[in-house]
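Good morning, and thank you for joining.

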Amino acid sequence: MIEVLDNYLPESDFKVFESHVQNMFSWDFYKKCNPSAPSEHDFQFMHTYIDQYNLMYPNADYIPRLVMGPYMRAKKGRIVLLRARTNLYIKTKLFPTGMGVHKDIPDGGPLKFFTLILYMEDSNGKTHFKDSGRKVISKRNRAVIFSSHLDHQTIPHTNILFRYHININFAWD
């Protein structure tokens with residue numbers, strides 16, 4: 001299942017999220033965006049809110065819960081947040097090539113995990129799903145939700161300098 005939702009957040013909530021990300025000063029640098037990244041150009045900066053169910057700082061779940069709100073209300077359920085982070089990519093390529101096929105959660109044990117990605121701006125960057133071949137284009141306020149065990153990869157952008165998105169891994173409570 002790959003679900004794409006345009007105009008996902010109400011505009012006022014999206015602006016809160018956008019302002020938060022644009023004013024972030026704490027980013028960690030990852031030389032490889034995932035273990036399968038094939039090139040030195042496949043790096044990213046990451047701001048982590050939640051990792052392995054743990055808040056990384058006080059109130060770190062505010063933005064992830066704001067982002068998850070519409071989906072939780074639509075599905076009428078409660079969630080458990082395993083991991084939440086905002087990813088920042090910088091344009092380094094002239095031609096978009098995949099940044100390494102991976103699974104967000106290879107084996108969730110008894111829980112079935114999902115991933116929600118919310119794109120912050122329009123770009124020609126994409127999320128590519130290996131098995132189906134489907135490519136979801138980065139569009140402002142577009143969410144894509146899928147099973148965390150699906151093989152996928154980031155296809156980098158080439159038409160803007162910076163690309164941001166939030167990536168949240170969750171299970172239904």
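Ser-138 is buried, with a relative accessible area of 2%; here buried means under 20% relative accessible area, exposed means over 50%, and partly exposed lies in between, computed with a 1.4 Å probe on protein chains only. Before I continue, please note that this is a predicted model, in which local features need pLDDT of at least 70 and side-chain atom pairs count only at pLDDT 80 or more, while totals for chains, interfaces and linings use all residues. Residues are numbered from 1 along each chain as its sequence is written, and side-chain values use heavy atoms, with hydrogens and water left out.

Ser-138 sits in the loop between strand 8 and strand 9; helices (H or I, at least four residues) and strands (E, at least two) are DSSP runs, numbered from the N terminus. Beyond its neighbours within four places in sequence, Ser-138 is in contact with Tyr-119, Glu-121, Asp-122, Ser-123, Gly-125, Lys-126 and Arg-163, where contact means heavy atoms within 4.5 Å.

Let me turn to the salt bridges. What total does the structure hold? There are seven salt bridges, each defined as a side-chain nitrogen of Lys or Arg within 4 Å of a carboxyl oxygen of Asp or Glu. Side chains of opposite charge can pair when their charged atoms come close.

Arg-140 forms one of these with Glu-11, and the closest N and O atoms are 2.8 Å apart. Arg-140 lies in the loop between strand 8 (135-137) and strand 9 (143-147), and Glu-11 in helix 1 (residues 11-22), so this pair ties together parts that are 129 residues apart in sequence. Arg-140 is partly exposed at 27% relative accessibility, and Glu-11 is partly exposed at 37%.

Arg-140 also forms a salt bridge with Glu-18, with the closest N and O atoms 3.8 Å apart. This pair too links distant parts of the chain, since Glu-18 is in helix 1 and Arg-140 in the loop between strand 8 and strand 9, 122 residues apart. Glu-18 counts as buried, at 16% relative accessibility. Glu-11, Lys-15, Glu-18 and Arg-140 are linked in a network of salt bridges.Elsewhere, Asp-61 and Arg-65 meet through their side chains in a salt bridge of 3.4 Å, N to O. Asp-61 is partly exposed at 23% relative accessible area, and Arg-65 is partly exposed at 37%.

Next, Thr-154, which belongs to strand 10 (residues 152-155). Is Thr-154 buried or exposed? At 10% relative accessibility, Thr-154 counts as buried. Its side chain joins that of Tyr-89 in a polar contact of 3.5 Å. A polar contact is a pair of N or O atoms within 3.5 Å; within protein, one must be able to donate a hydrogen and the other to accept it, and residues adjacent in sequence count only if both atoms are side-chain atoms. Leaving aside neighbours within four places in sequence, the contacts of Thr-154 include Tyr-89, Met-99 and Arg-163.

Finally, the cavity. A search of the whole structure finds one cavity of 30 Å³ or more; on a 1 Å grid over the protein atoms alone, a cavity is a set of points where a 1.4 Å probe fits but cannot get out, and lining residues have an atom within 4 Å of a point. The largest cavity has a volume of about 60 Å³, a volume being the space filled by probe spheres set on the points, with grid points joined across faces, edges and corners. Among its lining residues are His-41, Phe-43, Tyr-89, Met-99 and His-157.

How values were computed
1 Å grid on protein atoms, 1.4 Å probe; cavity = no way out; pocket = protein on both sides within 12 Å on 5 of 7 lines; lining within 4 Å.
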